[in-house]
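Hi everyone, thanks for coming. Please take a moment to look at the structure on the screen, and then we'll walk through it together.

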Amino acid sequence: MFFRGLHCSMTPRIPVRTNDRGYDYRHGRTSPADPTPRLERTVSELRDVTARLERIETRLPLLENTLRAVAREAGVSIGCPCDRCERSYLLIANGMMTCPTCGYQQSI
C-alpha cells in the first residue's frame with residue numbers, strides 16, 4: 001500500500017533500542033546462566049546433609065543410653081536443660097542441681 005508516495009507495510013515497525021555505539025540490544029540478549037550445575041550442587045549438598053543427619057540420629061540414642069548408665073553408676077540423676085546457659089542438662093546429686101557447663105547450682 002502506498003500512502004502519499006511512501007511504501008507502508010501492514011506490519012508496524014518496532015523501534016530498536018541501541019546504545020551510543022549503535023549496538024542492537026534485541027540480538028545481544030543473553031539467557032540466564034544454566035541453572036543445572038547449581039541445581040546439581042544443591043542436590044549433592046542436600047544428600048550430604050541428609051546422610052550426616054541420619055548418622056547423627058543413629059548415634060544419639062546410643063549416647064543417651066550410655067549417659068544414663070554412667071549417671072546411674074555415679075549415683076547422679078539427669079535433670080532438665082539449664083535455664084542459664086541452655087548448653088547442658090542439670091545433674092542432680094546430694095540435694096543439689098548443678099550445671100556442668102556454666103557451674104550454676106541450686107539446692108532442691
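How many helices and how many strands does the chain have? The answer is one helix and six strands. Before going further, please keep in mind that this is a predicted model. If you start at the N terminus and follow the chain, the elements come in the order β-β-α-β-β-β-β.

Let's begin with the helix. Helix α1 covers residues 36-74. In an unreviewed entry, UniProt lists residues 39-73 as a "coiled-coil region". In our model that span is 100% helix and 0% strand, and its end C-alpha atoms lie 51 Å apart.

Now, some numbers for the whole chain. Of its 108 residues, 8% are buried. The chain exposes about 10,200 Å², and carbon and sulfur atoms supply 55% of that area.

Where is S88? It sits in the loop between β3, residues 77-81, and β4, residues 89-93. Is S88 buried or exposed? Its relative accessibility is 17%, and buried means under 20%, so S88 counts as buried. Leaving out residues up to four places away in sequence, S88 touches C80, P81, C82, C99, P100 and T101.

For C80, the nearest cysteine sulfur is that of C82, 8.1 Å away. For C82, the nearest cysteine sulfur belongs to C99, at 3.8 Å, and C82 is in no disulfide. These two cysteines also have their own accessibility values. C82 is buried, because its relative accessible area is 1%, while C80 counts as partly exposed because its relative accessibility is 42%.

One last stop, on the surface. Which residues form a nonpolar patch there? They are L67, I78, Y89 and L91, and together they have about 340 Å² of accessible area. L67 brings us back to where we began, as this residue is found in helix α1. L67 has a relative accessible area of 46%, which means that L67 is partly exposed.

Definitions and conventions: Residues numbered from 1 in each chain as written. Predicted model: local features only at pLDDT ≥ 70, side-chain atom pairs only at ≥ 80, totals over all residues. Heavy atoms only, no water. UniProt positions renumbered as here; feature names shortened; annotations may be inferred. Helix = DSSP H or I, 4+ residues; strand = E, 2+ residues; numbered from the N terminus. Buried < 20%, exposed > 50% of the residue type's maximum accessible area, 1.4 Å probe, protein only. Contact = heavy atoms within 4.5 Å. Disulfide = S-S within 2.5 Å. Patch = residues over 30% accessible without salt bridge, like charges linked within 9 Å, V, L, I, M, F, W, Y side chains within 5 Å. Areas by Shrake-Rupley, 256 points an atom, 1.4 Å probe, with all protein chains shown as cover. Salt bridge = Lys/Arg side-chain N within 4 Å of Asp/Glu carboxyl O.
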